[in-house]
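Here are a few friendly notes to read alongside the model. Take them one at a time, with the structure open beside you.

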Amino acid sequence: MPATIYILALATFAVGTQSYVFTGLLSDLAHDLGVSVGVAGQLATAFAITSGIAAPFVVNFFSGYERRRLLVSALLLVGLINLGTAFLPSFNLFVAARILAALCAILVIPTAGAIAASLMPKNKQGQALGLILSGLTLALMLGVPLGTVIGDLFGWRATFVFAGIIALMAVPFVAKLVPESPGTAEASFSNFEVVKLRIVKVSLLLSIVSFVAAYPIFAFIGPFIEEVTGLEGGYLGAMQAAIGVGSIIGLVIGGKMADGRPFTQNIKILFGAFVGVQALYSVWFLFPELLGTSQMIAPMALSIIGSSAILFATGPVIEKALVNANPPQAALTLAMNTSMIYTGQGIGAALGGIVIARQGYEAVGGVSAIIATVALAIALMFKPKPTRQVQDHKPATP
C-alpha cells in the first residue's frame with residue numbers, strides 16, 4: 001500500500017478515537033456535570049444517531065467539493081470542536097457539541113474511502129479499504145484506552161483535548177501527502193438514485209442485517225463472558241480485547257477476499273460462516289456445568305475472535321462492491337453504508353436487551369444466528385445482472 005493509504009487510515013483513527021474517547025471515564029463526567037451515568041451515556045447515543053441519520057445527506061451536500069480539502073476541513077473542525085468541548089460547563093452543551101462533531105466526522109470515512117478507491121487499481125481496492133477501516137478498529141484498541149489513561153491522570157476533560165490533538169495532528173499529513181481528488185457531482189437528491197442499483201441495495205441490506213445480528217452479543221459482551229467463563233476485572237477486559245484482534249484479522253482477510261473473488265462468492269462464504277459462529281454463543285452455555293467455567297475461556301475467546309473477524313471481513317467486501325457500483329458516487333454509497341452500520345448497531349443492541357430480559361443470555365446466540373441466516377438467505381438469492389457481451393464485427397475484406 002502507498003503511504004497515502006496509511007495517512008487516510010490515520011484520519012479514520014482520529015475520528016474513531018474521538019467518537020468514544022470519553023466513555024472510559026463516564027462516571028467522572030456524569031458526576032461533574034450533575035447527571036446520572038445513564039444520562040451521560042446519551043452522549044454516545046447522540047453521536048451515533050446523528051451519524052446514522054445524517055451521513056448520506058451531509059456527504060451528498062458536499063459531493064461536488066474537492067475531496068482532499070473536504071477531508072482536511074472535516075478533521076480540522078473535529079479537532080477544534082473536541083478542544084472546545086473540554087471547556088464546556090453544562091451537559092446540554094456537551095450534547096450539542098457531540099452532535100456538531102458527528103456532522104463533521106461523518107465526512108471523514110466516506111471521503112477517505114472514496115479517495116483511496118480512486119487511487120488504487122481494482123485488484124487492490126479491497127485491501128486499501130480494509131486498511132482504512134482498520135483505523136477505526138485501532139482507535140477502539142489503542143486510541144480510546146489511551147484517552148482513558150490520559151483522562152485518569154489529568155481529569156476526564158483531558159480526554160477531549162487528547163481527541164482534538166489527534167485529529168489536528170492528522171491535518172498536515174493529509175494536506176501534504178494526499179493528492180487532490182476532485183468531487184464528482186453537485187449536490188442533488190437525484191444522486192440518491194444510485195440506491196436503485198441492485199448491488200447497492202443488496203450491499204446496504206447486508207450491512208444493516210449483519211450488524212443487527214452481531215450487536216445483541218457485542219453490546220453485552222462483558223456480561224456474556226462473565227456468564228460463560230466466570231472472568232471478572234482485568235481478565236474480562238483482556239477477553240473483550242479479542243474483538244479488536246478479530247476485527248484486524250477480518251479486515252485483512254476481507255480485503256484479500258474482495259480483491260481475489262467475486263462479490264457473490266464472498267458474501268455466501270462469509271455469511272455462511274457467520275451463522276455457525278453466532279450460534280456458538282448459545283451452544284457454549286450447555287458446557288460450563290459439565291466442564292467448569294475455566295474450561296470455557298478458550299472456546300469463548302475463539303468465538304469472539306471468529307465472529308468479529310467475519311463481521312469485519314464483510315466491510316471491505318461490501319465497500320468495494322459499493323465503490324464499483326457507481327465510482328462517481330463512491331463517497332455517497334460509502335456514507336449510506338456508514339448509516340446502515342450505525343443503525344444496525346442500535347437495533348442489534350436494543351434487540352439484545354429485550355432478549356436478555358425475557359429469555360436470558362442463553363437465547364441471544366440463537367437469535368443472532370437466526371438474523372445472520374436472513375443475511376445468508378439474501379446472499380444466496382442475490383444474482384448480479386449479467387453483463388452484455390459485445391462482439392466486434394470486422395468488415396469483410398474485399
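1. Leaving aside neighbours within four places in sequence, Thr-111 is in contact with Arg-67, Leu-70 and Leu-71; contact means heavy atoms within 4.5 Å. Thr-111 sits in helix α7 (residues 108-119). Helices here are DSSP runs of H or I with at least four residues, numbered from the N terminus. Is Thr-111 buried or exposed? Its relative accessibility is 4%, so Thr-111 counts as buried (buried is under 20% relative accessible area, exposed over 50%, partly exposed in between, with a 1.4 Å probe and protein chains only).

2. A word on what you are looking at: this is a predicted model, in which local features need pLDDT of at least 70 and side-chain atom pairs count only at pLDDT 80 or more, while totals for chains, interfaces and linings use all residues. Residues are numbered from 1 along each chain as its sequence is written, and side-chain values use heavy atoms, with hydrogens and water left out.

3. Now find the largest nonpolar core, which has 59 residues. Such a core is a set of buried Ala, Val, Leu, Ile, Met, Phe, Trp, Tyr and Cys residues joined through side-chain atoms within 4.5 Å. Several helices each supply at least two of its residues, including α11 (221-229) and α14 (263-283). Which helix gives the largest share of this core? That is α10, with 13 residues. Apart from this core lies another, of 53 residues, with Ala-11 and Val-59 among them.

4. Leu-206 and Ile-304 have the most contacts inside the largest core. Not counting residues up to four places away in sequence, the residues that Leu-206 touches include Phe-263, Phe-271 and Ile-318.

5. Next, look at how α10 packs on α16: the angle is about 160° and the axes are 10 Å apart. Axes are lines fitted to C-alpha atoms, for helices over the stretch in contact, and angles run from 0 to 180 degrees between N-to-C directions. The angle therefore makes α10 roughly antiparallel to α16 (the label for angles over 145 degrees). Among the residues making this contact are Leu-206 of α10 and Ile-318 of α16.

6. Finally, compare α4 (residues 42-61) with α17: their axes come within 8 Å and cross at roughly 165°. So α4 is roughly antiparallel to α17 as well. Where they meet, α4 contributes residues including Phe-47 and Val-59, and α17 contributes residues including Leu-332 and Tyr-342.

Conventions. Angles under 35 degrees count as roughly parallel, over 145 as roughly antiparallel, 65 to 115 as roughly perpendicular and the rest as oblique.
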